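Open the model in your viewer and get the selection tool ready. This tour says what to pick next and what you will find there.

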Amino acid sequence: MRKVHFIGICGAGMSAVAKLMRDLGWQVTGSDENFYPPVSTYLEQNKIKFFKGYKKKNIPVGTDTIVIGKHAHLIPAENEEVRAAFATGVSIKSFAEVLGEITKNRENIVVAGNYGKSTCAALIAWCLENSGKDAGYFIGAIPETPSASSRIGTGTHFILEGDEYPSANWDADSKFLHYRPAHLLLTSLAHDHLNIFKTADDYRKPFIKLAGMIPDGGLIMACADGKGMSETLGKLGREIELYSLIKAAPWQAKNIKYDEITFFDIVKNGDFVAQLSTGLLGKHNIENILGVSALLLSLNLISTGDLTSTIAKFKPLQRRLDKKSDKTIIPIYEGFGSSYDKAKSALAAMKLHFPDRKLIVIFEPHTFSWRSHQAISWYDDVFDGADYVLIYKPPEHGSNPNQLSLQEIKDRVIASGMDVAGFESPEAGIEVFSKKIDRNTVVLILSSGGFDGIIESATRVAEEKFPK
C-alpha cells in the first residue's frame with residue numbers, strides 16, 4: 001500500500017485531500033500543531049491518523065509522497081518535520097498539485113471568487129448527487145449536505161472549490177491554476193489576501209488566467225453583482241453567462257420572500273424557470289443558489305424538478321451561518337469571518353432575518369488582512385447593524401511587529417460609532433457576553449480560526465441562561 005503524509009493536515013483543504021487519498025487506497029497520516037473542530041472531528045470520523053506537533057519522527061518509514069501545507073512556518077528553516085521531509089528525497093507536493101493529478105481525466109467544474117465558493121461547490125455536489133450522478137468533489141469546508149468534504153466518485157464531472165491563494169511556499173501560482181477547469185463559476189473578485197496581492201489588479205490576475213484555461217465549449221458563469229466583476233469581465237476575452245439579483249442579466253432571482261424558509265423564482269431571459277425554497281440565511285445565499293442553478297441548468301446536468309427538491313434539502317456548511325444550538329431561545333450563528341465581504345454579508349443576513357432582535361457580534365481578527373494596517377478602513381463600517389461588538393485579541397501565531405493591536409482595532413470601531421469591547425482571554429470575553437445577552441438577542445460569531453473555545457463557551461452560556 002502506498003503511503004502519503006500531510007504536514008499541516010488540519011486545514012479544511014488539506015483534510016479533504018487526505019480523505020481523497022485514503023479513498024484511493026493510500027495509507028494516510030498527518031501532523032499539525034493546532035487541531036480544533038470541525039476539521040479535527042472530520043479527520044477522526046474518517047479514521048485518518050494524525051500527530052500533534054511537528055517532529056521528524058512523524059513521517060512514516062517508507063512514505064511515497066509528502067504533502068506540505070501553505071503556512072509561513074512550514075519551511076525547512078523553521079520546521080524540523082519539513083526539513084526532514086525534504087531530506088527524505090521522496091516526492092514533495094502541495095495539495096493543489098495532488099488535486100490536479102487526481103482530477104486530470106475528469107470534466108472539472110471549478111468554483112472561484114473571494115466569497116461563496118465553499119457553499120456553491122457543496123451545492124453543485126449535492127445537486128449532482130441527488131440527481132443520480134456519481135460526481136467527485138472537493139470542498140474547502142465541512143458540509144452536512146453532502147455528508148463529506150470530498151469524494152472521488154466515478155462519474156464524468158469533478159467539482160473543485162478553487163482557491164486563489166498560492167499553492168505552496170515553493171509555488172506562487174494560485175491553487176486553482178492546477179485544476180484544469182472545463183467550466184467555471186465565478187462569484188466575486190473583491191480584493192482579498194492583502195499580504196499576497198498588494199493591489200486589486202494583482203488579485204484579479206490569476207482569475208483572468210483561470211478563465212483563459214477554459215476550453216472551447218466550456219461555460220463561464222459569473223455573478224454580475226460581484227465586486228470587481230465589472231472591472232474584470234471585459235479582460236477575459238470570451239463569452240460569459242451572467243446571473244444577478246440586481247443588474248440586468250439573463251439569469252435572475254425574482255419575487256424573493258425572506259423568512260425562516262425563503263422562497264424565490266429563477267428566471268431566464270424574463271421567463272419563469274422554477275420556484276425554489278431554502279433555509280439558508282441572507283441575500284448572498286440566494287445569489288449563491290442562483291449561480292449554481294444557472295450553471296447546472298445551462299450544462300443540462302439537472303432537471304428543474306430535481307433542482308427544486310434538492311435545493312430545499314440543502315443545509316448550511318459548518319461555519320457558514322450554521323446554527324450552533326437548538327437548546328436555547330437565543331439564535332446563535334457562526335459565520336466564516338476571514339474577510340470584510342464575508343463578514344458584511346453575514347451581518348446583513350442577521351439583520352434581514354432577525355430585524356427586531358438585538359445583534360451581538362463576537363469577532364476574532366484571525367487572518368492577516370484583518371490585522372493589517374492596510375485594511376484598517378474595513379473597521380469603519382464592517383459591523384454596521386450590530387448593537388454590540390466583542391473583539392478578541394489578534395492571534396499570536398503568524399504575528400507581525402507591524403500588525404494592528406487590539407487597542408488600535410477597538411479604537412477604530414469606536415470611532416465608527418459602535419458599542420464595542422475588547423477582551424484578552426476567553427474567560428474575560430465570555431463574562432462580558434453573559435452580561436450582555438437577553439431574551440431578545442441574536443448572536444453572530446465571526447472567526448476563521450479555532451477561537452480558543454469561545455464558540456462552544458458562548459453557546460453553552462446561552463443554553464444555560466436562556467434554555468428552550
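A crossing of two helices is left-handed if the near helix is turned anticlockwise from the far one by less than a right angle, and right-handed if clockwise. This is a predicted model, where local features need pLDDT of at least 70, side-chain atom pairs count only at pLDDT 80 or more, and totals for chains, interfaces and linings use all residues. Residues are numbered from 1 along each chain as its sequence is written, and side-chain values use heavy atoms, with hydrogens and water left out.

**Stop 1: α1 and α4**

Select residues 12–23, helix α1, and residues 95–102, helix α4. Helices (H or I, at least four residues) and strands (E, at least two) are DSSP runs, numbered from the N terminus. The two axes lie 10 Å apart, at an angle of about 40°. Axes are lines fitted to C-alpha atoms, for helices over the stretch in contact, and angles run from 0 to 180 degrees between N-to-C directions. The crossing of α1 and α4 is left-handed.

Now show side chains. G13, M14, V17, L20 and M21 of α1 meet F95, V98, L99 and I102 of α4; contact means heavy atoms within 4.5 Å. By class, this contact has 8 nonpolar, 1 polar and no charged residues. Ala, Val, Leu, Ile, Met, Phe, Trp, Tyr, Cys and Pro count as nonpolar, Asp, Glu, Lys and Arg as charged, and the others, Gly among them, as polar.

**Stop 2: α5 and α8**

Select helix α5 (117–130) and helix α8 (304–313). Their axes come within 9 Å and cross at roughly 125°. α5 and α8 are therefore oblique to each other: angles under 35 degrees count as roughly parallel, over 145 as roughly antiparallel, 65 to 115 as roughly perpendicular and the rest as oblique. This crossing of α5 and α8 is right-handed. L123, W126, C127 and N130 of α5 touch L307, T310, I311 and K313 of α8.

**Stop 3: the largest cavity**

Select I362, L390, F423, P426, G429, I430, F433 and I454, which line the largest cavity. A cavity is a set of points on a 1 Å grid over the protein atoms alone where a 1.4 Å probe fits but cannot get out, and lining residues have an atom within 4 Å of a point. Which helix gives the most to this lining? Helix α11 (426–436) does, with 4 residues. The lining has 7 nonpolar, 1 polar and no charged residues.

Terms used: On a 1 Å grid over the protein atoms alone, a cavity is a set of points where a 1.4 Å probe fits but cannot get out, and a pocket is an open set with protein on both sides within 12 Å along at least five of seven lines; lining residues have an atom within 4 Å of a point.
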